[in-house]
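Me: I would like to learn how to read ring contacts and a few backbone features in a protein model. Please take me through them one at a time.

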Amino acid sequence: MNDQNLEVSNVNQFDKDKWQIRLNSMNGVSYELFDDGNLREVGIDTKGEVKYYYLGQAMIVDKIIINLSTNERRYGLSIVTADLSVVYHEFSGSVFNKNKLVEITSRYGGLVRSSEVERVINLLQTSLKIASVEYVTSNYGWLDVKGLDHPVFIGDKSYLTSPEMVINSDQRLNLRSKGSIVEVNSILKSLKDNIPVMTVVVASISSLVFPLLVREGLMSIEGLLLSIQGASSTGKSTAAKLATSLIGNANGTMGSLKSSWGSTEQAQIMKLSSLSGITLLFDELGTRNNSSSLGNFAFTLADGHDRARGDANGHLRPSASWSGVMVISTSEDSILSMLPSKDGTLVRVLELSGSFARSGSEAEHIGQVISKNYGHAIPALMNVIEEHGYDTFLAGISDTFLKFKQSVIHKLSTSPLNERLAANLALILVGAELTGNIFDVEVDVNSISNYLISQLQEQLLGHQDDKVAREKITQFILKSHANIGVIKYKPIVPAQPIGYILSDKRLSKETQTFEIAILSSVLKAELKRHGINNTNTILSKWEANGFLIRNEGDRRQVRKTIDGQRDNFYVLRLDRELLMYMPMIATFLGSPNTLDMDNSGSILTLQGSKYSGMNSDLMEAANE
């Protein structure tokens, strides 16, 4: 901030006695203050005689302001003016510069004798010893402060320390309590048997201790994307807003914790910046959201920092960072169906589905209450921590976390993936315990645990279905490749076609994939034959990971009239190395250096291929 642009922070009347007391408390140098506000330093010359140095109008550093976000220091300077007013301004370290000091003080009504500027600077530096210290930050949530043996929590004020010690200089979020906690308790009591809703509620509360468990090494991710999935009018948005409103304003007004998925990726990242233990709501994820950017967001959220970016001069700018942030998302479609089927996705995204409202009138009532009553979880939890002491509280939630994690692992079976998934569920179950402590509601922790585990098991099953379905369809294509025709100037139509090569473009050495259009009826029938009935979910996942290609009109199916027959097709992108199993198609596409055959056209070897270790089913399919 430029010193020249600072305004007067406050103006008070000069009180000589109070000023003299403060000057006397500075050890090492004696000062005398006059009724007109002028100051002189009392010293001893080389002859041992008393000597006076007239400094000009009195001034002192009242406050040291330390920005915890930038480590910048500023100094609150009080100056006695000629009309005996005391003006207060905040300056950077330039106030201790000889030339700058004269300029600053004269601009605000003070007067420094030019011959004694060095002594005035010494006075200001000495006054730092008695100045109060104030911390400012643009962070929200948990924050380390020098001199304290535990972190503080920054909401609308600072908790676990004196409220005046840390001031939030940021206006991004409204975490102030509004209305009555009694109204909130009443709503929660009415919903205590609605397990899906209460699960969302306790997940939001768990965000408040999320960073503490990260600090203890119990959580391996810095953020979790909680997707609330359900059809229209199932109450998902109401449940999400209720849960978020416990932390702060979720009404979509100034400082709201609620955002839209429609904002830019960078805007979403900036919303996360400098948060530690806060819940955010990203409402209404649409089916048109880019799966790539959605996946990037989920992984970036879990990483706890944005990727490094350069400025116009080619220098790296400081990247945004956060810790322990719970982002609640609502969507009519499964968010997992929009993301690649990777173990890492399941660790970073948890999806809850079901009916979240028993009636429209109930949802409307909840909306009315939370619009006027919000932000009560933070002060209530801080009261609990202050009552027990930070160290005791931290030990308690850590033990509770480990207990829940072990219980979940026992039900899921032990594996590296399940260990990480169990940690996510244990975090939310810690939130369930806390919710019962800070609100007047009986939380059914056991039912919430069972609901979470059942939801996770469904996701694990769908995760496996995707992989199995892709392998089964690949096997089917290899086994039936003689029934794949070609669409070109004159179509090549097999007797019983299952699909077609849609282009006669010949493959180059650089081409890594080729495309086959499979009749939609054939593909669905083949999946059903293997007991895979969640076709839409499978197709969505294939689309997300690039196995299924949308047509130019952004539709999932392609319509083609071939040999007088109009049909729908799904276009699949296959790895070129699979052509080793399909010599007829490889010959047509002119794929160079992909096959090693004997004179009869049989495949002799798969040396050097990543499919050389492929299971026997594919080998058998290729040889049929």
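Reply: We start with two residues, F282 and F297, which are both buried. Keep in mind that this is a predicted model.

Me: How is a pair of aromatic rings described?

Reply: A pair of aromatic rings is described by the distance of the centres and the angle of the planes. In this structure the count comes to 10 aromatic pairs. One of them joins F282 and F297, with 5.6 Å from centre to centre and 35° between the planes, a tilted arrangement. F282 belongs to strand β16 (residues 279-285) and F297 to helix α9 (residues 291-303), so this pair ties together parts that are 15 residues apart in sequence.

Me: What arrangement do the rings of W542 and F547 have?

Reply: Their planes stand at 90° and their centres are 5.0 Å apart, so W542 and F547 form an edge-to-face pair. The cut-off used here is over 60 degrees for edge-to-face.

Me: Are W542 and F547 buried or exposed?

Reply: The cut-off for buried is under 20% relative accessible area. W542 has 0% relative accessibility, so it counts as buried. F547 is buried as well, with a relative accessible area of 2%.

Me: Which residues do ring pairs link into a cluster?

Reply: The cluster consists of W142, F153 and Y390.

Me: Which charged residues sit over a ring?

Reply: There are two cases to look at. R40 lies over the face of Y52, 3.6 Å from the ring centre. The charged end of R119 sits over the ring of Y53, at 3.6 Å from its centre.

Me: Which residues make the nonpolar surface patch?

Reply: F34, I44, V50, Y52 and Y54 make a patch of about 470 Å². Strand β4 (residues 50-57) gives the most to the patch, with three residues. Y54 lies in that strand, β4, and is partly exposed at 37% relative accessible area.

Me: Where are L84 and L160 placed, and what is phi there?

Reply: Take L84 to begin with. L84 is in the loop between β6 (73-80) and β7 (85-91). Its phi is near 65°, a positive value in a residue other than glycine. L160 is in the loop between β11 (158-159) and β12 (166-168). Phi of L160 is also positive, near 65°, and this residue too is other than glycine.

Conventions:
Residues numbered from 1 in each chain as written. Predicted model: local features only at pLDDT ≥ 70, side-chain atom pairs only at ≥ 80, totals over all residues. Heavy atoms only, no water. Phe/Tyr/Trp six-rings, centres within 6.5 Å; stacked < 30°, edge-to-face > 60°. Helix = DSSP H or I, 4+ residues; strand = E, 2+ residues; numbered from the N terminus. Buried < 20%, exposed > 50% of the residue type's maximum accessible area, 1.4 Å probe, protein only. Lys NZ or Arg CZ within 6 Å of the ring centre and 35° of its normal. Patch = residues over 30% accessible without salt bridge, like charges linked within 9 Å, V, L, I, M, F, W, Y side chains within 5 Å. Areas by Shrake-Rupley, 256 points an atom, 1.4 Å probe, with all protein chains shown as cover. Salt bridge = Lys/Arg side-chain N within 4 Å of Asp/Glu carboxyl O.
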